[in-house]
Amino acid sequence: MHISDFHSFPSTHYGIQRTVYSKGEGPSVIILPEIPGLHTATFTLGRRIAEAGFRVYLLSLFGKDNQPFRYRDSLKQILRVCINKEFAVLAGRRSSPIVDWIRSFCRNLDAQDSEKGIGLIGMCLTGNFALGLLAEPWMLAPILSQPSLPFVRSTALHVSPETLQRAKERKTLQILGLRFSHDVLCPRQRFSRLKEEFPHQFESVEIDSSLGNPHHIPLSAHSVLTKDLVDTDGHPTQKALDKTLQFLQHRLKRT
């Protein structure tokens with residue numbers, strides 16, 4: 001799909017071709033889609049990050065690109081993903097096979113400029129994918145926004161024990177996590193487990209979405225950086241976006 005302010009190109013890894021959208025100049029930041037896909041608010045997020053001095057790459061992994069978010073599209077896409085072996089939505093101790101495709105794409109980027117490293121934002125279904133890449137030396141700024149896999153296993157991390165151990169051995173690694181406090185798709189037990197595994201490396205931003213919260217955030221709030229972002233100064237989601245940009249700046253633009 002043509003989007004006027006983004007450059008789109010095909011990228012092939014392991015014999016599978018997917019569309020990538022890029023924009024901006026600077027260190028590389030990968031943005032992975034959330035259910036139902038790269039909807040319009042995801043491109044808005046890409047523009048914000050590009051404006052902050054990064055080159056963003058939006059990877060089209062499922063769904064239709066640049067469409068308004070609709071709940072009926074989300075339901076259809078969840079059903080499709082659940083039967084797709086590339087995503088392994090119930091696997092607690094291994095990453096989705098599609099992470100290998102993402103890893104290959106990132107390695108190609110790193111080969112072009114190994115001085116800067118790479119940031120990656122995974123959201124919802126792809127929120128845990130950064131975990132599968134934590135052991136890679138070029139993964140400098142992993143951001144887990146409302147990580148939802150594996151489904152129905154609240155304390156599992158959707159990553160192999162071997163990768164988890166190698167990541168824990170990276171003393172300079174830092175991880176940022178974002179979620180709403182009452183998000184049933186990203187339960188608090190998952191962040192508690194991340195804090196146990198990475199006590200000095202994992203920083204969490206948890207936004208109050210309880211009944212009667214002062215900012216009237218609904219219990220159903222899920223997408224911190226896109227659909228449920230309120231672009232108003234002082235709003236907790238705006239602060240979460242600011243924190244994300246600061247994290248990317250600190251990790252990828254070190255002097």
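Leu61 lies in the loop that links strand S4 (55-59) to helix H2 (71-82). The model is predicted. Leu61 counts as buried because its relative accessibility is 9%, under the 20% cut-off. Phe198 sits 137 residues away from Leu61 along the chain. The C-alpha atoms of these two residues are 28 Å apart.

Strand S5 spans residues 118-123. Six of its six residues are buried, so the strand is largely enclosed by the rest of the structure. In a regular strand, side chains alternate between the two faces of the sheet. In S5, Ile118, Leu120 and Gly122 point one way. Gly119, Ile121 and Met123 point the other way. Both sets are buried.

S5 pairs with two strands, S3 and S6. Strand S3 (residues 28-31) runs parallel to S5 and is joined to it by four bridges. Within this pairing, Ile30 stands opposite Leu120 of S5. Strand S6 (residues 139-145) is also parallel to S5, with six bridges between them. Here Ile121 faces Ile143 of S6 as its opposite residue. Leu120 and Ile121, the S5 residues named in these pairings, point opposite ways from the strand.

A further parallel pair is formed by strand S7 (residues 175-180) and strand S8 (residues 202-207). Six bridges join them. Gly177 stands opposite Ser204 in S8.

Key:
Residues are numbered from 1 along each chain as its sequence is written. This is a predicted model: local features need pLDDT of at least 70, side-chain atom pairs count only at pLDDT 80 or more; totals for chains, interfaces and linings use all residues. Side-chain values use heavy atoms; hydrogens and water are left out. Buried means under 20% relative accessible area, exposed over 50%, partly exposed in between (1.4 Å probe, protein chains only). Two strands pair if DSSP finds at least two bridges between them.
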